Amino acid sequence: MNRGVTDVPPTPPTHSEALASALAAQDVVAVAYALRNDYIIVPQLVIDGQGEQVRVFGREGSDKRMLLLFSSAENYTLMLPDDPDLRVMVCDGQWLREFLTVHASTVEMVFFDIAGPNVMQAAPADLLKALGPLDEGISAD
């Protein structure tokens, strides 16, 4: 019997070996499989010390945005090593499908592990095809 030990909820994973391996191989089919069956790390925008929403990036003077996804929280840190308050969300393929559907008019490109070591990019429409149909009850309105 373990005295003083309580059940602690598991820490969410902050690394997807499936996505990292697929990116290392530059294998589009394996990336699609990883997105459907494993986790992705999504940057979170911090406002007033709180993680409020997905952090997207854009070019100055453009209303279009880029969604940056990572195979690990460490790879996100490589992109912004001097940011003292980087936060991430651990999401799955269903979340990505919903996000891309809702934000189809503003997200122009999705990049994976943009700071390396194995960068890939995809158009949102191609990712939606790879992820399959949206579950009922979600609309792009």
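Q: Helices are DSSP runs of H or I with at least four residues, strands are DSSP runs of E with at least two, and both are numbered from the N terminus; how many helices and strands does the chain have?
A: There are five helices and six strands in the chain. Starting at the N terminus, their order is α-α-β-β-β-α-β-α-β-β-α. This is a predicted model, where local features need pLDDT of at least 70 and side-chain atom pairs pLDDT 80 or more, while totals for chains, interfaces and linings use all residues. Residues are numbered from 1 along each chain as its sequence is written, and side-chain values use heavy atoms, leaving out hydrogens and water.

Q: Why are H1 and H2 called roughly antiparallel?
A: Let's look at the angle. Helix H1 (residues 17–25) and helix H2 (residues 28–37) pack at about 165°, and their axes are 8 Å apart. Axes are lines fitted to C-alpha atoms, for helices over the stretch in contact, and angles between N-to-C directions run from 0 to 180 degrees. Under 35 degrees is roughly parallel, over 145 roughly antiparallel, 65 to 115 roughly perpendicular, and the rest oblique. An angle of about 165° is over 145, so H1 and H2 are roughly antiparallel.

Q: Which residues of H1 meet which residues of H2?
A: Ala-18, Leu-19, Ala-22 and Leu-23 in H1 are in contact (heavy atoms within 4.5 Å) with Ala-30, Val-31 and Ala-34 in H2. By class, this contact has seven nonpolar, no polar and no charged residues. Ala, Val, Leu, Ile, Met, Phe, Trp, Tyr, Cys and Pro count as nonpolar, Asp, Glu, Lys and Arg as charged, and the others, Gly among them, as polar.

Q: How do the residues in the contact of H4 with H5 divide by class?
A: Here Gly-93, Leu-96, Arg-97, Leu-100 and Thr-101 in H4 meet Pro-124, Leu-127, Leu-128 and Leu-131 in H5. They divide into six nonpolar, two polar and one charged.

Q: What makes Arg-59 and Glu-108 a salt bridge?
A: A salt bridge needs a side-chain nitrogen of Lys or Arg within 4 Å of a carboxyl oxygen of Asp or Glu. The closest N and O atoms of Arg-59 and Glu-108 are 3.0 Å apart, so the pair counts. Arg-59 sits in the loop between S2 and S3, and Glu-108 in strand S5 (residues 107–112), 49 residues apart.

Q: Which other salt bridges are there?
A: The structure holds three salt bridges. Arg-55 pairs with Asp-83 at 3.5 Å between the closest N and O atoms, and Arg-87 pairs with Asp-85 at 3.2 Å.

Q: Why is Arg-59 called partly exposed?
A: Its relative accessible area is 48%. Buried means under 20%, exposed over 50%, and partly exposed in between (1.4 Å probe, protein chains only). The value of 48% lies in between, so Arg-59 is partly exposed. Glu-108, at 30%, is partly exposed as well.
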